[in-house]
Amino acid sequence: MLKKIAVLTFICVLILAFSTSCKPKTKPTPPPPPAQEQPKVEKVDDAAAVKKPAMTEEEIFMSKSLEQVNLEAPLKMINFDYDQYTIRQDAGTTLEGNAAWMKKFASAKILIEGHCDERGTEEYNLALGEKRAKSAFDYLASLGVSQDRMKVISYGKSQPLDSSHNETSWQRNRRAQFLIIEK
């Protein structure tokens, strides 16, 4: 029986030796190479990458409401001397700037308002206010602004800028104002 155990042990050792020798040997895997830092590529939103062209002055003007445009006051008012409706030299320069703006924005239409100070009758001031507005109208037309883009109205003394009763306020109230009424 000892012989049988010795033979069985020998056979087991042989089987074990044979099975381990037939098993493919695994090579140790080398460690992965150190990771190289790759440059970061930022993903850019396609919508942001496509730059929108800047809006033209005409497009900006057209995007605003009439109220916004009038609040910016691109057209400057002019003043008149007492009991006069002739265009003063300083007013001529202002009207030249207004005409340049009108030419730049060819679709704009304006209302020219004539105003007076509180002195004089209502009828007299309405007539004088109309003459002041008409003087500004004619001056702008002489500078090349189309007459069909302008209208006149007189408010006489009914809409003062300054309600004080002195020469300074009266000077401010003798004016022609420009209101953009259409784009």
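1. Basis. Residues are numbered from 1 along each chain as its sequence is written, and side-chain values use heavy atoms, with hydrogens and water left out. In this predicted model, local features need pLDDT of at least 70 and side-chain atom pairs count only at pLDDT 80 or more, while totals for chains, interfaces and linings use all residues.

2. Fold. The chain has seven helices and four strands (DSSP runs: helices H or I, at least four residues; strands E, at least two; numbered from the N terminus). Their order along the sequence is α-α-α-α-β-α-β-α-β-α-β.

3. Of the 183 residues, 26% are buried (under 20% relative accessible area, 1.4 Å probe, protein chains only). Take contacts (heavy atoms within 4.5 Å) between residues at least 6 apart in sequence: 76% join residues at least 24 apart.

4. Helix α5. This helix covers residues 89–104. The end C-alpha atoms are 23 Å apart, which agrees. Buried here are A91, G92, L95, N98, A99, W101 and M102. Their cover includes helices α3, α4 and α6, and strands β1, β2 and β4.

5. Helix α1. F10 lies in this helix, residues 2–22. F10 is exposed (over 50%), because its relative accessible area is 52%.

Definitions and conventions: The expected span of a helix is 1.5 Å times one less than its number of residues.
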